[in-house]
Amino acid sequence: MEKIRCSIQVDSGLARIAAKVMRVKAVAMVLGRTIHLYGASRLEFLSDIAWVRHEACHVMQYQQYGMIGFLTRYLYQSARWGYYHNPLEVAARKAEADPGILEGIEII
Ligand SMILES: [Zn+2]
């Protein structure tokens, strides 16, 4: 199976807004196949394997649901259950311990 290629955008304006809203120092957010980072360098992100697996899971979720499908699900479920209990986040946290999640993904 062909790997899903994704890229990293450092110092992302979108991720900066997310960091402000969430009141955290560093944030990663996935939009399609791009991992937007703020407050962390590419190396800091890639050195944190659990973090990479977490975001890789979101990339897979985009593949599964499509851009609009993912975003509507994400917003709806966040509104319904909150960020922490959003099933898309629950799955991504579970993926942090799953080495297999990175098999289908290539980060360029
Ligand atoms: Zn997440």
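Reader: Is Leu 88 buried or exposed?

Author: Keep in mind that this is a predicted model. In it, Leu 88 counts as buried because its relative accessible area is 6%, under the 20% cut-off.

Reader: Which helix is Leu 88 in?

Author: Leu 88 belongs to helix α4.

Reader: And what does Leu 88 touch, leaving aside its neighbours within four places in sequence?

Author: Its contacts are His 58, Gln 61, Tyr 65, Phe 70, Arg 73, Tyr 74 and Gln 77.

Reader: OK, Gln 61 then. Where is Gln 61, and what does Gln 61 touch?

Author: Gln 61 sits in helix α3. Not counting residues up to four places away in sequence, Gln 61 touches Gly 66, Phe 70, Leu 88, Ala 91 and Ala 92. With a relative accessible area of 5%, Gln 61 is buried too.

Reader: Where is the kink in α3 centred?

Author: On Gly 66, and the kink is about 110°. Gly 66 is also one of the residues that Gln 61 touches.

Reader: Switching to the metal. Which residues coordinate the zinc ion?

Author: His 54 and His 58 each coordinate through NE2, and Glu 89 gives two OE donors, at 2.0 to 2.5 Å. The sequence spacing of the donor residues is H-x3-H-x30-E.

Reader: Where are the two histidines, His 54 and His 58?

Author: Both are in α3, which covers residues 49–85, and they are four residues apart, about one turn of the helix. Residues three or four places apart in an α-helix point the same way, because there are 3.6 residues a turn. His 54 and His 58 are both buried.

Reader: Why is the arrangement around the zinc ion irregular?

Author: Because the four donor atoms subtend angles of 55 to 149°, whereas a tetrahedral site needs all angles between 85 and 135 degrees.

Reader: Back to α4. How accessible is Val 90?

Author: Val 90 counts as partly exposed, at 36% relative accessibility. Val 90 is in α4, residues 87–95, and touches Tyr 84 and His 85 if you skip residues up to four places away in sequence. The C-alpha atoms of Val 90 and His 54 are 9.8 Å apart.

Reader: Last topic, the rings. How many aromatic pairs are there?

Author: Three. Phe 45 and Trp 51 make an edge-to-face pair, with 5.1 Å centre to centre and 75° between the planes. Phe 45 and Trp 51 are both buried.

Reader: And which residues do ring pairs link into a cluster?

Author: Tyr 62, Phe 70 and Tyr 74.

Notes. Residues numbered from 1 in each chain as written. Predicted model: local features only at pLDDT ≥ 70, side-chain atom pairs only at ≥ 80, totals over all residues. Heavy atoms only, no water. Donors = N, O, S within 2.8 Å, 3.2 Å for Na, K, Ca; no water. Tetrahedral: all angles 85-135°; square planar, octahedral: opposite > 155°, others 65-115°. Buried < 20%, exposed > 50% of the residue type's maximum accessible area, 1.4 Å probe, protein only. Bend = angle between axes of the 7 residues up to and from the residue. Contact = heavy atoms within 4.5 Å. Phe/Tyr/Trp six-rings, centres within 6.5 Å; stacked < 30°, edge-to-face > 60°.
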